[in-house]
Amino acid sequence: MESAKSAQKAWARTPLWKRAELLHKAAAILKEHKAPIAECLVKEIAKPAKDAVSEVVRSGDLVSYTAEEGVRILGEGKFLVSDSFPGNERTKYCLTSKIPLGVILAIPPFNYPVNLAVSKIAPALIAGNSLVLKPPTQGAVSCLHMVQCFHLAGFPKGLISCVTGKGSEIGDFLTMHPGVNCISFTGGDTGIAISKKAGMLPLQMELGGKDACIVLEDADLDLVAANIIKGGFSYSGQRCTAIKVVLVMESVADALVEKVKARVAKLRVGPPEDDCDITPVVTESSANFIEGLVMDAKEKGATFCQEYKREGNLIWPLLLDNVRPDMRIAWEEPFGPVLPVIRINSVEEGIHHCNASNFGLQGCVFTKDINKAVLISDAMETGTVQINSAPARGPDHFPFQGLKDSGIGSQGITNSINMMTKVKTTVINLPSPSYTMG
């Protein structure tokens with residue numbers, strides 16, 4: 001914390017073009033090292049090999065884009081004159097600019113330990129901040145390799161520190177440290193506890209979701225089925241923006257369930273090294289939690305479209321039909337390859353279920369009627385609604401935010417840069433009104 005504080009003072013005096021130049025260099029080094037970093041992601045968090053490589057490449061692109069965007073955003077200020085407000089002559093010139101916050105504490109999650117780390121690191125650095133990164137316990141080695149790329153690029157010593165350890169042991173020390181000026185956290189409900197302890201710090205939080213997929217009667221069911229597979233089962237459902245509940249009109253439910261079942265049967269289950277679609281979930285406790293949701297649904301009469309199968313942390317993909325609101329799986333976030341289907345008799349019923357959730361990250365609606373889609377989007381209490389596609393975070397310059405327990409503030413490159421700065425104002429007072437005649 002002390003080295004971050006002292007390094008930040010010198011870094012804030014580094015010209016903007018130089019900061020951007022170093023970020024571009026770090027992005028290139030990150031892409032050069034995509035193979036070993038991807039290998040770490042495969043071994044640490046069981047991310048399929050192909051997805052692991054694309055995460056690293058995407059992260060490099062994010063860093064470069066942030067450098068470009070930062071030069072534009074931070075290179076411009078604002079000039080205001082006093083006579084635009086009633087009762088004033090033009091005797092005051094107001095100059096505003098964006099200045100760094102200081103030391104940013106960044107805490108990414110296990111599922112995207114590289115990408116969701118650089119989405120915090122790059123905006124912090126271009127804005128003139130220093131950064132302390134607390135990587136996830138699983139994903140820490142990948143994070144260390146990624147941070148090394150920034151060190152190799154020539155960033156000053158102490159500007160980026162990576163502090164490994166369990167959140168239960170070092171979390172409070174970091175989040176409550178008086179040297180921290182801002183916290184950017186992505187994860188689960190730990191973020192709610194952090195926000196209560198953080199006091200007056202600026203917070204950027206993304207805390208999960210129960211993303212609903214509303215399917216209308218006129219939807220293209222093949223498109224819906226493909227997106228349910230992609231949205232519900234990619235990386236074994238361990239994504240904040242995974243489809244977590246399907247709300248389908250009763251008249252097309254049978255047809256949709258059959259199409260999804262056929263696609264689920266084609267998913268490859270096994271080790272991430274073999275680029276399987278479904279790989280082991282991150283921990284045994286996660287697998288046990290998922291199993292608890294499945295057993296609750298079984299006891300309460302859900303229809304199992306596949307046989308429930310588990311070996312250690314590896315859970316086979318499972319579609320649960322005829323799920324009712326009294327089942328835990330209807331509301332809780334499994335973070336695994338288990339997807340509930342709730343049959344609805346009206347659009348209003350689907351919107352009501354979506355909005356009754358304590359989460360509000362993303363949602364999606366499938367229909368050929370754009371007017372209905374927009375009305376439903378406006379009615380859904382979520383940070384983002386995707387029309388005719390599964391929820392997704394990205395491209396990385398798109399705003400990304402949640403309502404209710406899904407988070408505080410907004411991410412996306414531009415929003416993150418703005419969030420990690422504050423406005424500084426200088427007012428020039430003139431002895432008498434001054435007007436340019438033209």
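Tutor: What follows is a walk through the pockets, then the cavities, then the ring contacts. Keep in mind that this is a predicted model.

Start with the largest pocket. Its volume is about 1,100 Å³. It is lined by 42 residues. Closest to its centre are Phe110, Phe185, Gly187, Gly188 and Thr190. Find these five in the view and you have the middle of the pocket.

Which elements build the lining of the largest pocket? Four of them each supply at least two residues: helix H7 (167-175), strand E6 (182-186), helix H8 (190-197) and helix H11 (284-299). H7 provides the largest share, with six residues. By class, the lining of the largest pocket has 19 nonpolar, 17 polar and six charged residues.

Now move to the second largest pocket. It holds about 480 Å³ of space. Here 24 residues form the lining, and Arg58, Tyr112, Ser234, Arg239 and Ala392 come closest to the centre. Helix H4 (49-74) and helix H9 (221-233) each supply at least two lining residues. H4 has the largest share, four residues. The classes of this lining are eight nonpolar, eight polar and eight charged.

Where does the second largest pocket lie? Both domain 1 (1-207 + 407-426) and domain 2 (212-387) give residues to its lining, so the pocket lies between them.

Rolling a probe the size of a water molecule over the atoms shows where empty space is left. The structure holds four cavities of 30 Å³ or more. We will look at two of them.

The largest cavity contains about 110 Å³ of space. Its lining has 14 residues. Nearest its centre lie Ser119, Arg393, Asp396, Gln411 and Gly412. H5 and helix H14 (413-419) each give at least two residues to this lining. H5 gives the most, three residues. Seven residues of the lining are nonpolar, five are polar and two are charged.

The second largest cavity has a volume of about 50 Å³. Its lining is made by Lys210, Asp211, Ala212, Cys354, Phe359, Gly360, Leu361, Gln362, Glu381 and Thr382. Strand E8 (211-215) and strand E15 (359-360) are the elements that give two or more residues to it. The lining of the second largest cavity splits into four nonpolar, three polar and three charged residues.

Now the rings. The structure holds four aromatic pairs. Why is the pair of Phe110 and Phe335 called edge-to-face? The ring centres are 6.0 Å apart and the planes meet at 70°, so the pair is edge-to-face. The cut-off for that label is an angle over 60 degrees. This pair also links distant parts of the chain, with its two residues 225 residues apart. Phe110 is in the loop between strand E3 (103-107) and helix H5 (115-126). Phe335 is in the loop between strand E13 (318-321) and strand E14 (338-344).

Phe110 has 17% relative accessibility, so it counts as buried. Phe335 has 18%, so it counts as buried too. Recall that Phe110 is also among the residues closest to the centre of the largest pocket.

A second pair joins Phe150 and Phe155. This pair is tilted, with 5.7 Å from centre to centre and 50° between the planes. Phe150 and Phe155 are both buried. Ring pairs also bring in Trp11, so that Trp11, Phe150 and Phe155 make up a cluster.

Lys47 lies over the face of Tyr112, 3.7 Å from the ring centre.

Two residues tie the tour together. Phe110 belongs both to the edge-to-face pair and to the lining of the largest pocket.

Notes:
Residues are numbered from 1 along each chain as its sequence is written. This is a predicted model: local features need pLDDT of at least 70, side-chain atom pairs count only at pLDDT 80 or more; totals for chains, interfaces and linings use all residues. Side-chain values use heavy atoms; hydrogens and water are left out. Rings of Phe, Tyr and Trp (its six-membered ring) pair if their centres lie within 6.5 Å; planes under 30 degrees apart count as stacked, over 60 as edge-to-face and the rest as tilted. Buried means under 20% relative accessible area, exposed over 50%, partly exposed in between (1.4 Å probe, protein chains only). A charge sits over a ring if NZ of Lys or CZ of Arg is within 6 Å of the ring centre and within 35 degrees of the ring normal. On a 1 Å grid over the protein atoms alone, a cavity is a set of points where a 1.4 Å probe fits but cannot get out, and a pocket is an open set with protein on both sides within 12 Å along at least five of seven lines; lining residues have an atom within 4 Å of a point. Grid points are joined across faces, edges and corners, and a volume is the space filled by probe spheres set on the points. Ala, Val, Leu, Ile, Met, Phe, Trp, Tyr, Cys and Pro count as nonpolar, Asp, Glu, Lys and Arg as charged, and the others, Gly among them, as polar. Domain bounds come from an automatic or database domain assignment.
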